[in-house]
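Have the picture open while you read.

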Amino acid sequence: MSPTDIHDIAVVTAGQVPEHLPMNRAVAALEQALQDGLDPAAALPRSSVPLEKGSFLLMPGEHGGYAGVKVLTVAPGNSRRGLPKIQGNFLLFDADTLRPLALIEGTALTAIRTPAVSALAVDHLAPAGSAALLVFGTGPQALHHVRAVAAVRTLTTVTVVGRTETSTDALVDGLRAEGHDARRGTAADVAGADIITCCTSAREPLFDGSLVRDDAVVVAMGSHEPDAREVDDELVARSTVYVEDVATALREAGDVIIGIEHGAIAAEDLHELADLVRSGPRPRTGPAFFKSVGMGWQDLVTARVVYEDLDSTVD
């Protein structure tokens, strides 16, 4: 496919996104972008625009010959209507001419790029033999985080902690159908986990951070609000803490912001994902903790994979 004018724009539906963006390729693309010098600190910031019934969330990016923006709508009232709270699309452009190239369904893109970022951190932080995964949450991100971690580590067990037995059992059954040794668990199971992923809408800590093993890796991605967190001060204080970008984390990452306010960690103790990928992990005596909030460059890098794979299959 070689678009020649503004009307030759590829439209990629939600169902098509996974076909062109396998999890392992998403992880590899994010890693390569950072290895190639993409600087998250220089990335374009996201913005929220209030609307009468919700808001627009705008996430722009520019790198590697492409530019783009993800436009999401956040409609809190949609849950009462049986509609998704978050909807939207990603629009990809050629960086030189700013000619639109593709319109990609945004929630499906996010469903893969978010756990791919987590898996990239896990791949650089978790010991090679890490095999026991504990997942907090039962929604789409919990499912995709299992798939993402499984793309970088060979999992022997997956334990799921959810708010209700019904939702937890549904995810456990789905994971078993995919071939995982999955079971329902409790927050106390953090004591036996190699890798812990927090994929919830919780605003308060999910577990006792003192129970986490020193060699474990914890990922929290459930919020990008300064007053919400999934992990406690104890975990933050014990951990070597990594973020996508320090300035972004200090604006949006409640797990970090609250930890700093409570004296559990200082801003200068935060380490960035790009440094982790390029130079390897810092020496540590306790857990590794990666806090992500999502950034526009991640959408752009993964959207590029979708477009170029689509382009190659059409050609």
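Before we pair anything up: two strands count as paired if DSSP finds at least two bridges between them. Keep in mind that this is a predicted model. With that in hand, look at Leu133, whose bridge partner in E8 is Val158.

**The sheet**

- Eight strands make up an open sheet, in the order E9-E8-E7-E10-E11-E14-E12-E13, and the pairing is parallel.
- At the edges sit E9 and strand E13 (271–272), each of which pairs on one side only.
- As a bit of background, strands of a sheet pair through backbone hydrogen bonds, either parallel or antiparallel.
- Strand E11 (residues 217–220) and strand E14 (residues 288–291) run parallel and are joined by four bridges.
- Across that pair, Val219 stands opposite Phe290 in E14.

**Around E8**

- How many of the five residues of E8 are buried? Four of them are, so to speak, tucked away, and E8 is mostly covered.
- E7 and E8 pair in the parallel sense, with five bridges between them.
- To get from E7 to E8, the chain passes through H4, and this β-α-β crossover is right-handed.
- E8 also pairs with E9 in the parallel sense, this time over three bridges.
- Here Thr159 stands opposite Arg183 in E9.

- H4 lies across strand E7 (132–136), E8 and strand E10 (195–198), and it runs at about 160° to E7.
- H5 packs on the sheet as well, touching E8 and E9, and its direction makes about 170° with that of E9.

**A closer look at H5**

- Helix H5 (residues 165–177) has 13 residues, which at 1.5 Å a residue should span 18 Å; its end C-alpha atoms are 18 Å apart, so the two agree.
- Which residues of H5 are buried? They are Thr168, Leu171, Val172 and Leu175.
- Seen down the axis of H5, the buried residues fall within an arc of 100°, so they line one face of the helix.
- The general idea is that an α-helix has 3.6 residues a turn, so residues three or four places apart point the same way.
- The buried residues of H5 pack against helix H4 (140–152), strand E8 (157–161) and strand E9 (182–184).
- Over on the other side of H5, Thr166 and Ala177 are exposed.
- After H5 comes Gly179, which has a positive phi, near 100°.

Definitions and conventions: Residues are numbered from 1 along each chain as its sequence is written. This is a predicted model: local features need pLDDT of at least 70, side-chain atom pairs count only at pLDDT 80 or more; totals for chains, interfaces and linings use all residues. Side-chain values use heavy atoms; hydrogens and water are left out. Helices (H or I, at least four residues) and strands (E, at least two) are DSSP runs, numbered from the N terminus. The expected span of a helix is 1.5 Å times one less than its number of residues. Buried means under 20% relative accessible area, exposed over 50%, partly exposed in between (1.4 Å probe, protein chains only). The arc is that of the directions from the helix axis to the C-beta atoms. Contact means heavy atoms within 4.5 Å. Axes are lines fitted to C-alpha atoms, for helices over the stretch in contact, and angles run from 0 to 180 degrees between N-to-C directions. A crossover is right-handed if, with the strands pointing away from the viewer, the path from the first strand over the helix to the second runs clockwise.
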